[in-house]
Amino acid sequence: MRMERLSQDKIRIFLTFDDLSERGIQKEDMWREIPKVHELFSEMMDQAYSELGFDASGPLAVEVFAMPAQGMVVIVTRGKMERDTEAGAEEELDEEVYEMEVTLEQSEAIIYRFRDIEDAIGAAKMLKSQITDEGRMYKYQNHWILCFDPSTGENANDNALIAILAEYGDATSVTPAVLEEYGQLVIPAHAVQVLTEHFA
C-alpha cells in the first residue's frame with residue numbers, strides 16, 4: 001500500500017491486488033458494503049494519519065479507480081465539517097465512523113506517467129521490440145503520460161506491457177477522459193513507434 005498527499009485535503013492511495021488478497025478481499029468486493037472493506041478503509045486512514053498527518057474526520061469523498069493488472073487507486077478528499085452550534089455535538093461523533101460518498105470507476109486503459117521524456121523513450125524502446133508500437137502520449141501536470149487501450153487478445157500481453165511500463169514510470173489514477181479534456185495530446189497514435197523513430 002503506497003500513499004501520497006495531493007493537497008491539504010486530498011490523498012491518493014495505491015492498492016495492489018496483493019494488498020487486497022492479503023486481506024481476503026476480491027476486486028469485486030470493493031463495490032460491496034462488507035466488514036472487510038470497512039476494515040481496509042480504517043487501516044488506510046490510520047496509515048494516512050501516521051504517514052501523512054491526514055486527519056480523516058468529517059465527511060469524505062472516496063473515489064476508487066480499478067485498473068487492469070495494476071490494482072486500485074483510491075482518492076480520498078476531506079470535506080468541510082459542518083459546525084454544529086450545540087456545545088459538545090462534535091464529541092458525539094464516533095471517530096471510527098466515516099461519512100463516505102463512494103464513487104467507483106473502472107478504467108480498462110493502461111496509463112503510466114513519466115517524470116521526464118527520457119524515461120518514456122526508454123519504455124518505448126523496450127515496448128517496440130517486444131510488445132507494441134501503439135499508444136497515445138499526453139503532457140499533463142508536468143508529466144509525460146503514455147495511454148494504451150486494452151488489448152483485445154490475451155491478457156498476458158497487458159501484463160507484459162505493464163511490467164515494462166512499471167520499470168520506467170508510475171501507474172496513475174488519471175482517466176482517459178481527464179487526459180482528453182485537460183491534457184495536451186502530444187502524439188495521437190503509434191506513440192511508441194514515434195518515440196523510438198524520433199529519439200533513437
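For volumes I took the space filled by probe spheres set on the points, with grid points joined across faces, edges and corners.

**Ground rules.** This is a predicted model, in which local features need pLDDT of at least 70 and side-chain atom pairs count only at pLDDT 80 or more, while totals for chains, interfaces and linings use all residues. Residues are numbered from 1 along each chain as its sequence is written, and side-chain values use heavy atoms, with hydrogens and water left out.

**Second largest pocket.** I looked up its volume and noted about 410 Å³ of space. Its lining has 19 residues, and those that lie nearest the centre are R12, I75, Y140, S173 and V174. At least two lining residues come from each of β1 (2-7), β2 (10-15), β3 and β8, where strands (E, at least two residues) and helices (H or I, at least four) are DSSP runs numbered from the N terminus. I then sorted the lining by class and found 7 nonpolar, 5 polar and 7 charged residues, counting Ala, Val, Leu, Ile, Met, Phe, Trp, Tyr, Cys and Pro as nonpolar, Asp, Glu, Lys and Arg as charged, and the others, Gly among them, as polar.

**Chain overview.** I noted 6 helices and 10 strands in the chain. Of its 200 residues, 41% are buried, meaning under 20% relative accessible area, with exposed being over 50% and partly exposed in between (1.4 Å probe, protein chains only). Taking contact as heavy atoms within 4.5 Å, I found that among contacts between residues at least 6 apart in sequence, 72% join residues at least 24 apart.

**Nonpolar cores.** A nonpolar core is here a set of buried Ala, Val, Leu, Ile, Met, Phe, Trp, Tyr and Cys residues joined through side-chain atoms within 4.5 Å. The largest one has 25 residues, and the members that touch the most others are L146, F148 and L165. Two or more of its residues come from each of β3 (59-67), β4 (71-78), β6 (110-114), α3 (117-130), β8 (143-148), α4 (155-168) and α6 (191-198), and α3 gives the largest share, with 5 residues. A second, separate core holds 23 residues, among them I34, M44, A56 and V62.

**Helix α6.** Which residues of α6 are buried? I found A191, V192, L195 and T196. These buried residues line one face of the helix, because they fall within an arc of 125° when seen down the axis of α6, the arc being that of the directions from the helix axis to the C-beta atoms. On the other side of α6, I noted E197 and H198 as exposed. The cover over the buried residues of α6 includes α3, β7 (136-140), β8 and β10 (184-187).

- S129 lies in helix α3 and is exposed at 58% relative accessibility; S129 and T196 are 67 residues apart in sequence and 9.9 Å apart in space, C-alpha to C-alpha.
- I162 belongs to helix α4 and is buried, with a relative accessible area of 8%; from I162 to I110 I read 52 residues in sequence and 7.5 Å in space, C-alpha to C-alpha.
- I187 sits in strand β10 and counts as buried at 8% relative accessibility; I187 and Y138 are 49 residues apart in sequence and 6.9 Å apart, C-alpha to C-alpha. Not counting residues up to four places away in sequence, I187 touches G135, R136, M137, V194 and L195.

**Backbone.** Most residues other than glycine have a negative phi, and I therefore looked up the exceptions with that in mind. N142, not a glycine, has a positive phi of about 65°; N142 lies in the loop between β7 and β8 and is exposed, with a relative accessible area of 66%. H190, also not a glycine, has a positive phi of about 50°; I placed H190 in the loop between β10 and α6, where it is partly exposed, with a relative accessible area of 34%.

Definitions and conventions: 1 Å grid on protein atoms, 1.4 Å probe; cavity = no way out; pocket = protein on both sides within 12 Å on 5 of 7 lines; lining within 4 Å.
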